[in-house]
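Let's take a friendly walk through a protein model, one piece at a time. Have the picture ready and follow along.

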Amino acid sequence: SLWRDGVSYAHAPDLTHYLESTFVPSVVPQPDEYHAKDQARQYLEKLADQVSPGAKLLPFGSMANGFALKNSDMDLCCFLAKDAPVREPSELVEILGRLIEQETNFYVKMLPRARIPIIKLTIPPSTDVPMGMACDIGFENRLALENTRLLLTYAMIDSRLRTLVLFLKVWTKRRKINNPYRGTLSSYGYVLLVIQFLAHVKQPPVLPNLQRLSSPDGSAAEETMFDGHDISFFDDLDALPSLFQTTNTETSGELLIDFFRYFSKEFNFTHQVVSIRSDKGVLPKLQKGWHVDFEFDPELTVRDQHKLCVEDPFQLDYNVARTVTRDGLYTIRGEFMRAFRILTTPTRSPEGIGAVINS
Ligand code: GTP
Ligand code: MG
């Protein structure tokens with residue numbers, strides 16, 4: 001039906017059609033882009049091998065999780081061989097960074113003293129790489145690799161997740177609310193919001209909670225610890241149908257409208273934490289101790305209720321939305337409300353829907 005809880009879903013069919021037949025195909029990278037990036041990765045891996053024999057460069061982030069847009073950055077993580085001498089990431093940033101500078105035409109920026117030391121590489125546009133390329137290399141970041149695999153597993157379960165995420169990535173970039181360095185939320189944070197919405201808010205759920213699903217033989221997911229974090233999740237997609245099959249038949253257009261509804265009207269930003277691994281999808285800030293100033297920032301003494309809290313699925317003490325300022329949250333919520341309003345105004349023409357993205 002077109003109306004649900006006083007909200008018009010009249011645009012949902014057009015929106016779904018637009019998302020699936022026009023939008024998604026136009027924003028995803030083509031095979032040649034993946035190929036060019038993998039070539040670059042292999043070349044950089046050879047250089048890493050010169051620094052530490054047996055070193056591997058593995059992709060994570062959007063190039064590996066199913067949510068890449070055309071020309072998105074390539075996130076790589078360097079892992080040293082098990083028997084290689086232990087070296088500090090900060091040292092590796094400098095050694096490998098200098099080697100890349102000598103051997104390639106990448107422009108190299110080394111950040112050895114960042115919280116997570118990385119090498120930032122950019123290549124200007126050329127005939128080979130018409131849009132140029134940007135690449136970050138980090139070190140020994142097993143958690144990033146595992147959360148990438150978690151996101152990829154969710155992406156493979158239901159294509160509506162990918163449709164929603166790709167739309168949100170383009171839209172949040174256009175609306176300038178996808179910039180952790182400027183007080184808003186990272187792409188990773190937005191993906192967690194969508195998973196929480198599809199696995200916990202929607203009834204019936206579109207996605208299972210892969211961190212709570214137990215194996216067919218009745219045993220719980222095997223506990224695998226890394227660095228004090230439980231990184232296990234259900235990843236046996238062949239066995240999934242006997243445990244979880246969605247009965248939710250909503251279209252991606254309906255789900256998108258409802259996502260905006262939930263995060264502009266329903267979610268309690270003051271008291272709740274978004275937590276995809278939890279039973280209900282939300283936890284009280286109080287329970288996590290996130291109601292108080294966890295950043296120890298004297299500027300933010302009234303902080304707390306204006307903080308957006310998104311729990312990392314593995315690093316439970318880590319707020320993925322820690323970069324979101326009070327103003328940033330205000331802007332994000334304003335944008336969610338605006339999108340919801342545009343998408344649910346029945347008199348608006350279908351072209352008007354484009355205004356959500358474009359204006
Ligand atoms: P685009 O670069 O915008 O295309 O998106 P992306 O999917 O690559 O996301 P983003 O650059 O935000 O993050 C890349 C990867 O880094 C994520 O998939 C995570 O694996 C990891 N990551 C990013 N931010 C965080 C964070 O705050 N905490 C943790 N633990 N990992 C993060
Ligand atoms: Mg990225």
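Strand 5 (residues 107-111) and strand 6 (residues 118-123) pair in the antiparallel sense over five bridges. Strands here are DSSP runs of E with at least two residues, and helices are runs of H or I with at least four, numbered from the N terminus; two strands pair if DSSP finds at least two bridges between them. Strands 5 and 6 form a hairpin, with six residues between them. Look across it and you will find K109 opposite K120 of strand 6.

A word on what you are seeing: this is a predicted model, in which local features need pLDDT of at least 70, side-chain atom pairs count only at pLDDT 80 or more, and totals for chains, interfaces and linings use all residues. Residues are numbered from 1 along each chain as its sequence is written, while chains are lettered from A and ligands numbered from 1 in the order in which they are written.

Now turn to ligand 1. Its shell has 21 residues, and G61, S62, S72, S186 and S187 come nearest; a residue counts if its C-beta atom, placed from the backbone, lies within 6 Å. Helix 3 (62-65), helix 5 (142-157) and helix 7 (187-201) each give two or more residues, and helix 5 gives the most, with four. The shell draws at least three residues from each of domain 1 (3-25 + 145-358) and domain 2 (31-141), with bounds from an automatic or database domain assignment.
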